[in-house]
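Trainee: I'd like to learn how to read a model like this one, feature by feature. Can we go through it together?

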Amino acid sequence: MTLPVTAETETMRLNMTEGVTEVSQRVFDLHMTILYICVVIGIVVFGVMFWSIIHHRKSKGSVAASFHESTKVEILWTIIPFVILIVMAVPATNTLLAMEDTSESDITIQVTGSQWKWHYSYFDEDVEFYSLLATTSAQIANERDKRENYLLEVDRPLVLPVGQKVRFLITSQDVIHSWWVPDFAVKKDANPGFINEAWTRIDKPGIYRGQCAELCGKDHGFMPIVVIAKPQAEYDQWLQTTKVAQQQAYEEEQRLLAMEMSLDELMELGEQVYNTRCAMCHQVNGKGLPGAFPALAGQGLSIDSAKKLEHISIVVHGRSGTAMQAFGPQLSLKQLAAVITYERNAWGNSTGETVQAAEVQAVLNGEEL
């Protein structure tokens with residue numbers, strides 16, 4: 001697993017990160033306090049042990065004492081560890097309580113994990129998007145040089161304001177994931193059917209990186225997290241820009257319903273979407289992985305209209321009981337039409353048939369074509 005790093009490249013350290021939040025600093029301080037206590041205990045115990053070995057060695061004529069019980073010793077070695085544990089427990093309990101206190105938050109964001117991406121939804125702001133790995137398949141296959149943040153870069157990062165308390169509601173769409181950003185001291189499991197809570201308040205602007213920390217499938221290592229912390233004014237500007245962009249995208253989709261894209265346009269866009277969203281499971285060549293992900297190549301996907309509707313439905317709604325996700329909420333109508341057209345016309349499936357946005361919309365709405 002690649003270890004997460006901050007935006008400011010640092011020399012690899014053996015110690016844990018201090019982070020950029022009050023809670024992460026408290027966790028670091030607690031870690032150091034416990035470490036120092038353990039170091040002192042180790043020095044005392046091993047010091048007494050080695051002193052006894054050397055001072056009472058046989059060559060000096062020492063004779064082992066013979067005794068059965070010592071009430072004083074037993075009381076002493078019970079009380080001392082108890083006191084040490086209390087000294088450790090008080091700050092640890094305070095830190096844990098602070099980590100779980102999600103009350104009085106300024107912003108609430110739902111974080112949903114799925115194989116292998118994160119979905120972020122800003123409550124009361126009508127803003128949501130998916131965040132996917134931005135590292136290319138060519139880099140993963142060692143066909144191109146790897147960038148500085150290899151496997152720790154995404155197409156759409158989570159953007160948060162500095163100085164605001166952000167509450168996370170964390171869940172999953174399929175298997176167990178874990179949303180982990182070390183700089184925030186936030187690591188919380190995303191369980192399907194359950195919602196876990198976490199929070200953070202970032203002290204300084206920057207780019208902070210993390211990963212899914214749960215073994216969630218064969219591409220577990222391709223599920224990074226990137227958070228950009230902005231000053232409040234810049235965050236407000238980003239939020240407004242994103243709202244406008246998402247509204248424009250919706251209006252563009254509505255215009256597409258009355259249009260027909262050419263096969264060449266659909267194939268070009270479809271290949272891009274397939275390589276970023278589908279190739280991890282079904283492979284770039286469409287041959288899939290036997291026993292895990294079915295092959296798309298040579299499956300006769302465009303023989304008749306019944307199979308065409310079935311194909312659209314599977315991509316849009318997913319397939320229950322399998323790893324096939326519902327891509328209807330994840331992709332635009334244009335992207336859905338393009339990737340389905342590409343799958344129906346690549347790897348020997350070619351018949352020249354297209355799938356248009358209006359057909360995808362009809363399947364989404366449960367209408368008969």
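Trainee: How many salt bridges are there, by the rule used here?

Mentor: The rule first: a salt bridge is a side-chain nitrogen of Lys or Arg within 4 Å of a carboxyl oxygen of Asp or Glu. By that rule the count is eight salt bridges. Before we pick some, note that this is a predicted model, where local features need pLDDT of at least 70 and side-chain atom pairs count only at pLDDT 80 or more, while totals for chains, interfaces and linings use all residues. Residues are numbered from 1 along each chain as its sequence is written, and side-chain values use heavy atoms, with hydrogens and water left out.

Trainee: Which residue forms a salt bridge with Glu 359?

Mentor: Lys 308, with the closest N and O atoms 2.7 Å apart. That pair links distant parts of the chain, 51 residues apart: Glu 359 is in helix α9 (residues 357-364) and Lys 308 in helix α7 (residues 305-317). Helices here are DSSP runs of H or I with at least four residues, strands are runs of E with at least two, and both are numbered from the N terminus.

Trainee: What about the salt bridges of Arg 147 and Arg 344?

Mentor: Arg 147 meets Glu 153 at 3.1 Å, N to O. Arg 147 is partly exposed at 40%, whereas Glu 153 is buried at 11%. Arg 344 meets Glu 353 at 3.2 Å, N to O. There the Arg 344 side is buried, at 1%, and Glu 353 is partly exposed, at 26%.

Trainee: On to the sheet. In what order do the five strands come?

Mentor: Two strands pair if DSSP finds at least two bridges between them. Here the order is β3-β2-β1-β5-β8, an open sheet with mixed pairing. The edge strands, β3 (127-131) and β8, each pair on one side only. From one strand to the next, the twist averages 20°, using axes fitted as lines to C-alpha atoms (for helices over the stretch in contact) and angles from 0 to 180 degrees between N-to-C directions.

Trainee: Which strands does β5 pair with?

Mentor: Strand β1 (residues 107-114) runs parallel to β5, joined by seven bridges; Ile 107 has Val 166 as its bridge partner. Strand β8 (residues 196-200) runs antiparallel to β5, with five bridges, and Val 166 stands opposite Thr 200 there. Six of the seven residues of β5 (residues 166-172) are buried, so the strand is largely enclosed by the rest of the structure. Elsewhere in the sheet, β2 (residues 117-122) and β3 run antiparallel with five bridges, and His 119 faces Tyr 130 in that pairing.

Trainee: Last one: where does UniProt place the transmembrane region feature?

Mentor: The unreviewed UniProt entry places that feature at residues 34-54 and 75-99; such positions are in the numbering used here, names are shortened, and annotations may be inferred rather than shown by experiment. In the model, residues 34-54 are 100% helix, with end C-alpha atoms 30 Å apart. Residues 75-99 are also 100% helix, and their end C-alpha atoms lie 36 Å apart.

Notes. Buried means under 20% relative accessible area, exposed over 50%, partly exposed in between (1.4 Å probe, protein chains only).
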